[in-house]
Number of protein chains: 2
Amino acid sequence: MTTLGDIGVAAAINIGSAFLFFLAFAILRLQPFNDRVYFPKWYLKGLRTDPVHGGVFVRKFVNLDWRAYLGFLNWMPEALRMPEPELIDHAGLDSVVYLRIYLLGLKIFVPIAFLAWIVLVPVNWTSTGLEGAKNITSSNIDKLSVSNVHSRSERFWGHIVMAYAFTFWVCYILLKEYEKVASMRLEFLATEKRRPDQFTVLVRNIPPDPDESVSELVEHFFMVNHPGHYLTHQVIYDANTLAKLVKKKKKLQNWLVYYRNKLERTSERPEMKTGFLGLWGKKVDAIDYHTTEIDKLSEEIASERKKVTDDPKSVMPAAFVSFKTRWGAAVCAQTQQTRNPTLWLTEWAPEPRDVYWRNLPIPYFSLSVRRLIMAVAFFFLTFFFMIPIAFVQALASIEGIERIAPWLKPLVSVPFIKSFIQGFLPGIVLKLFLIFLPTILMIMSKFEGFGSISSLERRSASRYYLFNFVNIFLGNVLTGSAFQQLKSFVHQPANQYPITIGTAIPLKATFFITYIMVDGWASIAAEVLMLKPLIFYHLKNFFLVKTEKDREEAMDPGSIGFNTGEPRIQLYFLLGLVYAAVTPAVLPFIIIFFGLAYVVFRHQIINVYNQEYESGAQFWPDVHGRIVIALTVSQIVLMGLLTTKKAASSTPFLIVLPILTIWFYRYCKGRFEPAFVKFPLQEAMMKDTLEKATEPHLNLKGYLHNAYIHPVFKDSMDDEDDDDDTFSNNWETESMTVRTKRHSQRHTPLPSRISGTSSPPQSPFAGDGIQNEP
Amino acid sequence: MTTLGDIGVAAAINIGSAFLFFLAFAILRLQPFNDRVYFPKWYLKGLRTDPVHGGVFVRKFVNLDWRAYLGFLNWMPEALRMPEPELIDHAGLDSVVYLRIYLLGLKIFVPIAFLAWIVLVPVNWTSTGLEGAKNITSSNIDKLSVSNVHSRSERFWGHIVMAYAFTFWVCYILLKEYEKVASMRLEFLATEKRRPDQFTVLVRNIPPDPDESVSELVEHFFMVNHPGHYLTHQVIYDANTLAKLVKKKKKLQNWLVYYRNKLERTSERPEMKTGFLGLWGKKVDAIDYHTTEIDKLSEEIASERKKVTDDPKSVMPAAFVSFKTRWGAAVCAQTQQTRNPTLWLTEWAPEPRDVYWRNLPIPYFSLSVRRLIMAVAFFFLTFFFMIPIAFVQALASIEGIERIAPWLKPLVSVPFIKSFIQGFLPGIVLKLFLIFLPTILMIMSKFEGFGSISSLERRSASRYYLFNFVNIFLGNVLTGSAFQQLKSFVHQPANQYPITIGTAIPLKATFFITYIMVDGWASIAAEVLMLKPLIFYHLKNFFLVKTEKDREEAMDPGSIGFNTGEPRIQLYFLLGLVYAAVTPAVLPFIIIFFGLAYVVFRHQIINVYNQEYESGAQFWPDVHGRIVIALTVSQIVLMGLLTTKKAASSTPFLIVLPILTIWFYRYCKGRFEPAFVKFPLQEAMMKDTLEKATEPHLNLKGYLHNAYIHPVFKDSMDDEDDDDDTFSNNWETESMTVRTKRHSQRHTPLPSRISGTSSPPQSPFAGDGIQNEP
């Protein structure tokens with residue numbers, strides 16, 4: 001049992017390290033040579049340029065102005081200064097609503113903590129349950145918790161009344177927040193500028209037709225069934241090979257630019273070897289070699305492109321169908337098209353940036369099977385992940401290495417290496433797995449066949465939450481592997497399980513306090529330092545950056561990373577709610593986490609993160625649902641705990657709470673969730689009417705024309721190459737009055753740092769440039 | 001333990017009584033004076049008239065033609081003769097699909113029984129597990145069951161393989177059937193004649209507007225948001241008081257007709273007393289009295305009607321909105337209208353007959369609260385219904401009566417009455433509760449606020465199924481009250497429960513065989529005899545029938561009664577699937593039930609039942625879902641059973657089955673369920689186009705004009721009274737070209753016998769007359 005003193009020490013260490021991180025951040029961010037690491041968002045928006053023009057040479061890299069260092073926490077009020085509407089403009093609704101989760105934590109836990117400390121702490125503290133039991137292992141923290149109340153005490157009425165108060169408060173705040181977010185979303189969808197996805201519907205599972213091509217079929221189908229509304233459509237090509245070739249060509253072009261620059265600087269033609277990484281092989285003139293290579297690739301690309309566009313087999317049975325009005329699109333997205341509800345499936349098109357192209361053509365039955373497979377796989381991953389890890393850990397032990405690779409024996413017997421293997425390797429294996437877990441979950445979501453990056457992240461988030469719930473929350477409360485818990489869960493009576501957890505919960509308070517400090521405080525503070533992007537940026541800058549474009553690409557702004565970030569927050573909601581009535585001492589630590597994280601992430605969102613897509617806060621129903629789950633778990637745990645305390649007269653009053661909570665969830669689902677799935681016709685009609693009045697001669701067809709082209713075609717259309725024109729002509733014979741004038745260099749978003757795997761391989765393309773059209 | 005002999009005796013008794021019922025039926029149905037009892041459907045359709053014209057007097061009542069009695073089971077092949085498409089025309093899709101449930105039972109269980117008897121019976125029979133155990137209580141039935149196999153035997157592989165085979169077979173048949181029913185439904189919706197509900201959408205939760213009336217608001221809203229599609233609408237009036245008055249007036253008018261008839265026959269003016277039931281009070285001239293009373297009531301009705309139509313407060317915040325095309329209605333029904341998804345809720349309008357008027361104006365929040373209350377109430381009803389019954393039973397005992405009503409003591413001490421009270425009263429109390437249970441469940445569904453009779457019945461059916469599952473299936477398997485089971489379920493480990501059930505299941509085989517014979521065979525045979533309607537018809541005919549209309553109303557054709565019938569069938573599916581792998585001896589009894597019931601209900605549907613509404617087989621997803629539940633339960637029970645048999649090596653292979661079954665359910669849900677909720681746009685468009693081509697000058701507005709008027713207004717519009725005209729004028733000022741020419745007398749459907757409570761108090765009104773318009 002940890003005493004208050006131990007916790008004080010842990011707190012001091014963690015506060016200290018958080019302080020150090022902040023100090024390092026304050027210094028590093030002021031150095032001009034780190035500017036692109038700490039303010040990439042502004043670079044990507046084109047609002048900031050390198051501070052390299054003029055001035056002393058040193059000034060380019062080091063900030064010598066001592067006044068800048070004085071207020072080293074100045075960035076905090078700065079981060080809070082930008083008002084919400086501006087922030088929506090600056091970073092999108094997703095980011096703003098994501099920040100509201102932290103605010104929600106504060107709104108929930110500050111009053112709860114206040115109430116708990118006023119009512120429950122005195123009730124617990126003045127009890128003498130632990131003294132009576134002469135329990136030597138009890139700490140001061142335990143004196144503040146419900147453990148200190150005598151069995152059968154009438155004082156438990158206090159806890160029950162508080163449980164009611166907490167439940168009503170949480171539900172009230174959740175309701176208000178859901179209302180607010182729903183209206184923010186609708187406002188965002190209504191007031192924002194014209195976007196292609198407002199007019200477009202994604203059609204999947206187009207049945208094959210022996211007489212017509214997919215394109216003809218789509219046109220006829222929607223001409224007939226949505227007459228007067230259908231405008232145009234865009235078939236989806238299987239362009240994976242093409243994308244690969246284009247990527248290769250780009251790389252070669254980069255090298256060509258680099259060698260040309262070198263030629264200019266040194267005035268001697270650079271040479272290179274053709275072999276692996278330029279380390280061996282025949283020596284050739286680098287510029288000539290790259291020019292011919294690029295020409296060769298261009299031809300290959302042209303023929304592949306021809307193949308993709310001409311070969312009907314490379315047209316996938318899915319299409320983006322655009323309508324003349326938002327109303328038409330809203331109608332099509334929400335209705336069933338044909339008898340067979342698994343054909344001609346329509347849904348709102350994701351934002352162009354958000355499309356995950358590879359999954360669009362998966363047929364319905366296959367999706368269904370994939371979902372089953374992944375459900376089973378996830379079950380095994382959650383409950384049995386320790387088995388392969390234990391196996392690898394066994395291999396990574398001294399004996400394992402000696403058995404498999406006897407020739408390493410002399411090396412292994414070196415004392416330092418031996419102790420490293422014995423002490424660290426097993427831990428590292430586990431840690432590596434946990435680091436790769438979000439990636440594994442993201443791959444699983446991709447296999448499941450979701451069609452947009454946002455839905456992939458949402459799915460991964462809910463899986464990650466479940467994993468955390470089982471392996472971090474239950475795993476630490478019950479101290480056993482998930483599989484052992486599953487076994488005991490199956491072999492225990494149903495009413496025994498909450499009791500087991502309830503008994504263990506107060507004992508684990510100090511552990512979770514430490515966990516919150518390490519995982520919550522210190523690592524949030526480390527987040528702001530951006531250590532990994534900082535190091536990588538400088539490494540790349542030193543070794544790899546050849547062109548301006550490369551420097552652009554060396555920046556790694558990352559993104560919020562909903563799939564990892566949100567489940568982490570949810571763990572704090574869970575801990576806070578579970579301990580609110582049991583050990584209120586946990587609450588202040590959680591409040592500090594939420595406050596700190598709010599400031600840090602607000603800063604990051606303003607200055608660093610670059611959103612990959614904009615889903616319009618579609619994740620909120622998930623967030624809401626998981627907080628409700630946490631609330632229900634907390635009620636059941638309290639019931640279990642009070643049962644062990646033999647508070648038989650008062651415990652039954654708690655049964656009402658989960659029932660009311662679940663009902664509250666269902667009510668909210670019916671009341672608000674449609675706002676996140678459907679688009680109301682009234683709003684669509686208002687927007688359409690307004691647009692017709694203000695822009696009567698809008699060429700919508702031209703506007704929508706290129707919105708949903710596979711990025712590989714899009715990128716190449718911006719290139720200066722001639723061969724693209726043939727393609728564009730081939731692509732579309734009709735007139736196209738509004739050309740996109742995109743500035744692709746400045747707008748290239750980069751794959752996120754955290755959710756690196758979430759961006760499709762073809763990702764780097766700018767979708768929002770289009771919005772700035774007149 | 002019952003032996004094979006005991007079962008033989010029981011079978012003989014039940015087969016005998018079934019035979020007697022059939023014999024009685026064969027004789028009674030041939031008597032002309034019973035014609036209206038056994039062929040009411042044809043009377044209601046106007047295809048059969050009383051066989052009273054001409055002929056000997058006796059012939060009117062008794063059939064003297066001896067040849068008619070020869071083939072006393074002739075009705076059976078006759079019932080099977082009508083082909084399905086004709087039956088759909090004759091009785092509607094609901095009835096035909098309901099019959100398919102019985103066919104589905106045959107399709108599932110005949111091959112399963114065949115396979116089980118070929119494979120499992122020899123495996124079980126040749127085992128010696130019961131001999132070895134020297135189990136004296138075992139019967140011959142048990143020798144056929146899995147109980148006879150030794151623990152740890154390798155023979156269990158046979159049961160597992162069979163479980164797989166059964167699961168795949170059931171899923172295959174379910175899939176085919178779902179496909180078939182879905183396509184039948186879509187065909188039915190597409191090929192049927194024009195119906196008002198194809199063009200109409202029910203709008204609920206219209207928000208109050210201070211400036212506009214509900215009617216104006218609805219018109220403006222849909223004019224704006226569905227321009228070019230909106231046609232007309234019909235507000236809903238709160239007409240409950242009016243309905244009561246109209247009903248009263250009708251009764252008086254009937255009496256007036258009766259007295260006028262009497263006057264004609266006897267040529268002396270009939271007199272009557274004004275007091276209760278005409279038993280005392282002042283003597284008055286009956287005809288004069290009734291005329292003045294009717295006049296008084298007419299005035300009252302007129303003023304009430306004026307109040308209802310003029311007072312804006314009697315307009316409820318709901319409306320039926322009709323569109324110019326089916327496409328427009330399909331779009332409106334499937335989309336969200338406004339930001340707030342709980343306002344302007346749209347759904348397909350139920351068929352006019354199907355509307356449950358009283359529930360239409362309930363607001364969303366209230367619905368949500370009602371659902372919660374009913375969920376809790378149903379929980380208590382299911383698990384604690386024995387408590388009030390035990391209380392009443394205590395009151396109904398000798399001691400209870402003596403205590404409450406001491407003056408009855410002499411009566412109670414009469415030996416015959418005493419033994420009756422002791423022996424029968426407690427049983428009768430329970431039986432009365434079970435008889436009223438469907439009514440109670442229907443009242444609960446009504447309170448929950450469903451807007452159509454079909455959905456009320458579907459909801460009651462699913463509740464009744466749950467009640468049966470807990471109290472009949474589990475109650476008899478585990479022999480204890482539902483509450484005791486709940487308690488033991490909560491206090492047992494989760495893995496123990498299937499084991500408990502699994503152990504008890506084989507022991508209960510003989511009980512359930514007897515249950516099937518009594519409840520399944522004999523009572524199905526009793527159904528065809530229509531004993532209650534027969535008696536009531538003759539009683540009414542003798543004492544009450546005054547006019548031809550009364551005779552019409554004395555017929556009680558009843559209806560299928562989905563809310564009681566379907567859960568009963570589901571119990572047989574459950575028993576069949578559970579015992580298929582455990583005691584195959586049960587299967588033949590179930591097959592006989594399904595075969596017999598199929599013939600009997602086909603006969604009833606053709607000749608007797610009068611459908612109250614047509615929902616287009618919307619209940620099929622429920623039926624499908626419950627069979628899947630039964631399948632899953634059977635798999636879990638088998639797992640539990642094999643665990644007790646210590647077949648540890650083979651049992652884990654069964655875990656795959658429930659997972660696959662649940663996946664199958666989800667797949668089917670996605671694949672087929674939308675066909676029962678939505679209406680595909682393609683179908684709507686095809687039908688619209690066709691109609692436009694064939695009937696270019698159709699006055700749809702006139703056609704839809706009166707479709708969705710509260711029946712009380714509708715009925716009165718057919719009346720000959722003058723005061724209705726003022727109302728109709730008031731009602732609608734626009735021109736109305738197509739007048740309804742309805743023959744209300746012939747078409748008046750009557751409330752169902754079984755689901756009597758399901759018809760609204762205003763029910764008797766004809767909605768289908770309208771379909772016969774040119």
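1. Chain A of this predicted model has 36 helices and 6 strands, where helices (H or I, at least four residues) and strands (E, at least two) are DSSP runs numbered from the N terminus. Because the model is predicted, local features need pLDDT of at least 70 and side-chain atom pairs count only at pLDDT 80 or more, while totals for chains, interfaces and linings use all residues; side-chain values use heavy atoms, with hydrogens and water left out. Residues are numbered from 1 along each chain as its sequence is written, and chains are lettered from A and ligands numbered from 1 in the order in which they are written.

2. Of the 774 residues of chain A, 54% count as buried; buried means under 20% relative accessible area, exposed over 50%, and partly exposed in between, with a 1.4 Å probe and protein chains only. Chain A exposes about 34,300 Å², of which carbon and sulfur atoms supply 64%, the areas coming from the Shrake-Rupley method with a 1.4 Å probe and, for residues, with only the protein chains shown counting as cover. Among the contacts in chain A with a separation of 6 or more, 81% come from residues 24 or more positions apart, a contact being heavy atoms within 4.5 Å.

3. The structure holds 22 salt bridges over all chains, each defined as a side-chain nitrogen of Lys or Arg within 4 Å of a carboxyl oxygen of Asp or Glu. E84(A), R100(A), K107(A) and E177(A) are linked in a network of such bridges. R100(A) pairs with E84(A), the closest N and O atoms being 3.1 Å apart, and this pair links distant parts of the chain, with R100(A) in helix 6 (residues 93-125) and E84(A) in helix 5 (residues 84-91) of chain A, 16 residues apart. R100(A) also forms a salt bridge with E177(A), with the closest N and O atoms 2.7 Å apart, a pair that joins helix 6 to helix 9 of chain A across 77 residues. In the bridge between K107(A) and E177(A), the closest N and O atoms are 3.0 Å apart; K107(A) lies in helix 6 and E177(A) in helix 9 of chain A, so this pair ties together parts that are 70 residues apart in sequence.

4. E84(A) is partly exposed at 25%, and K107(A) is partly exposed at 30%. Leaving aside residues up to four places away in sequence, E177(A) touches R100(A), L104(A), K107(A) and W620(A).

5. Between the chains, 50 residues of chain B are in contact with 50 residues of chain A. The size of an interface is often given as the accessible area lost when the parts come together. Chain B and chain A bury about 4,200 Å² between them, 60% of it on carbon and sulfur atoms, where buried area is the accessible area (1.4 Å probe) that two parts lose on being put together, summed over both. Q336(B), R339(B) and W663(B) supply 17% of the area that chain B buries against chain A, more than any other three residues.

6. The count between chain B and chain A is 0 salt bridges, whereas 6 residue pairs are in polar contact, both residues being at pLDDT 80 or more. A polar contact is a pair of N or O atoms within 3.5 Å; within protein, one must be able to donate a hydrogen and the other to accept it, and residues adjacent in sequence count only if both atoms are side-chain atoms. The elements that give two or more residues to the side of chain B that touches chain A include helix 9 (156-191), helix 15 (364-384) and helix 30 (656-672) of chain B; helix 30 of chain B gives the most, with 7 residues.

7. V376(A), F379(A), F380(A), I655(B) and I659(B) form a nonpolar patch on the surface, with about 410 Å² of accessible area together. Patches are made of residues with over 30% relative accessible area and no salt bridge, like charges being joined within 9 Å and nonpolar side chains (Val, Leu, Ile, Met, Phe, Trp, Tyr) within 5 Å. Helix 15 (residues 364-384) of chain A gives the most to this patch, with 3 residues; F379(A), located in that helix, is partly exposed at 34%.

8. Two residues of chain B deserve a look for their backbone angles. N205(B), in the loop between strand 1 (200-204) and helix 11 of chain B, has phi near 55°, a positive value in a residue other than glycine, and is buried at 9%. A617(B), in the loop between helix 28 (587-607) and helix 29 (620-644) of chain B, has phi near 60°, also positive in a residue other than glycine, and is buried at 0%.
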